[in-house]
Amino acid sequence: MKQKFDVVTSRCVPLPIENVDTDQIIPARFLKATSREGFGDNLFRDWRFDKQGNPIPSFVLNDPTYSGCILVAGKNFGSGSSREHAAWAIADYGFRVVVSSFFADIHKNNELNNFVLPVVVSEAFLSELFKTIQDNPQAEVRVDLPAQTITNLTTGNSETFEINAYKKHCLLNGLDDIDYLVENRSKIAQWEKAHES
């Protein structure tokens with residue numbers, strides 16, 4: 001799952017539903033596994049499949065009209081339980097970016113920890129994205145992490161987004177928290193030597 005993030009240009013999968021909580025992203029009955037792999041199969045499980053396990057054609061992930069590694073979601077994405085498995089499922093499915101006008105804080109950090117970039121945009125920009133995708137499912141969006149911009153390539157409209165400098169460094173370099181410590185072990189050793197009692 002670890003991979004460097006720079007600039008991503010992709011078609012989008014629209015999910016114009018507000019208040020999507022982590023139990024809808026990955027239902028609790030699938031949380032028994034401890035490995036991060038395989039969770040993508042059950043992403044939005046109860047929306048994607050009926051009780052017999054048959055795909056529900058009307059759900060966007062089952063609609064071949066839409067594809068891409070950018071999920072465009074409604075306001076307040078990732079609320080509810082703090083389960084990291086929700087971010088595992090999003091990453092394992094293949095999404096690199098989730099765009100919304102608001103994320104629950106814990107879920108936002110879980111996405112960052114799993115190399116998925118949560119991009120917070122204005123409600124006006126989000127509405128424009130949904131309309132663009134509805135009008136043309138082939139439309140692409142460019143997310144530029146170094147510049148911290150997201151651009152609707154159909155309209156040319158762009159917004160900047162915020163990201164913690166540490167998390168930005170980790171994403172750009174494909175580092176998790178342990179990798180970051182290893183990368184800075186010489187600085188840590190120097191600090192420890194300078195502060196020996």
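**Note on the predicted model: strands, cores and ring pairs**

1. Strand β5 runs antiparallel to strand β6 (residues 149–152), and four bridges join the two. One of the residue pairings is that of Val143, whose bridge partner in β6 is Ile150. The hairpin of β5 and β6 has four residues between the strands, and in this hairpin Gln148 takes a positive phi near 55°. Note that the model is predicted.

2. β5 also pairs with β1: these strands run antiparallel and are joined by five bridges. Here Thr9 stands opposite Arg142 of β5.

3. Leaving out residues up to four places away in sequence, Val143 touches Phe5, Asp6, Val7, Val8, Ile70, Val97, Leu117, Val119, Thr149, Ile150 and Phe161. For Phe161, which is 18 residues from Val143 along the chain, the C-alpha atoms of the two are separated by 9.8 Å.

4. Val143 also belongs to the largest nonpolar core, which has 25 residues. The residues with the most contacts inside this core are Ile70, Val72, Val99, Leu117, Val119, Val143 and Ile150. At least two core residues come from each of β1 (7–15), β2 (70–73), β3 (97–100), β4 (117–120), α5 (123–135) and β5 (140–144). Which element gives the most to this core? It is α5, with five residues. Another core, of 23 residues, lies apart from this one; Ile26, Leu43, Leu71 and Ile90 are among its members.

5. Ile70 can be followed through its contacts. Neighbours within four places in sequence aside, Ile70 is in contact with Val8, Ser10, Arg11, Cys12, Val13, Phe95, Val97, Val99, Val141 and Val143.

6. Thr132 is found in helix α5. Its relative accessibility is 9%, so Thr132 counts as buried. Not counting residues up to four places away in sequence, Thr132 touches Ala139, Asn152, Thr154 and Thr155.

7. Helix α4 covers residues 105–113, and His107, Asn110, Glu111 and Leu112 are buried in it. What covers these buried residues? The cover includes α1 (22–25), α3 (85–93), β3, β4 and α6 (165–173). Just after α4, Phe115 takes a positive phi of about 65°.

8. How many aromatic pairs does a search of the whole structure find? It finds six. In one of them, the rings of Phe77 and Phe103 have centres 6.2 Å apart and planes at 85°, so this pair is edge-to-face. Phe77 lies in the loop between β2 and α3, while Phe103 lies in the loop between β3 and α4, so the pair ties together parts that are 26 residues apart in sequence. Both Phe77 and Phe103 are buried.

9. The aromatic pair of Tyr93 and Phe95 is stacked, with 5.2 Å centre to centre and 25° between the planes. Tyr93 counts as partly exposed because its relative accessibility is 32%, whereas Phe95, at 2%, counts as buried.

10. Two further ring arrangements can be checked in the structure. Phe44, Trp47 and Phe59 are linked into a cluster by ring pairs. The charged end of Arg45 sits over the ring of Phe49, 4.4 Å from the ring centre.

Notes: Residues numbered from 1 in each chain as written. Predicted model: local features only at pLDDT ≥ 70, side-chain atom pairs only at ≥ 80, totals over all residues. Heavy atoms only, no water. Core = buried A, V, L, I, M, F, W, Y, C linked by side-chain atoms within 4.5 Å. Buried < 20%, exposed > 50% of the residue type's maximum accessible area, 1.4 Å probe, protein only. Contact = heavy atoms within 4.5 Å. Pairing = 2+ DSSP bridges. Phe/Tyr/Trp six-rings, centres within 6.5 Å; stacked < 30°, edge-to-face > 60°. Lys NZ or Arg CZ within 6 Å of the ring centre and 35° of its normal.
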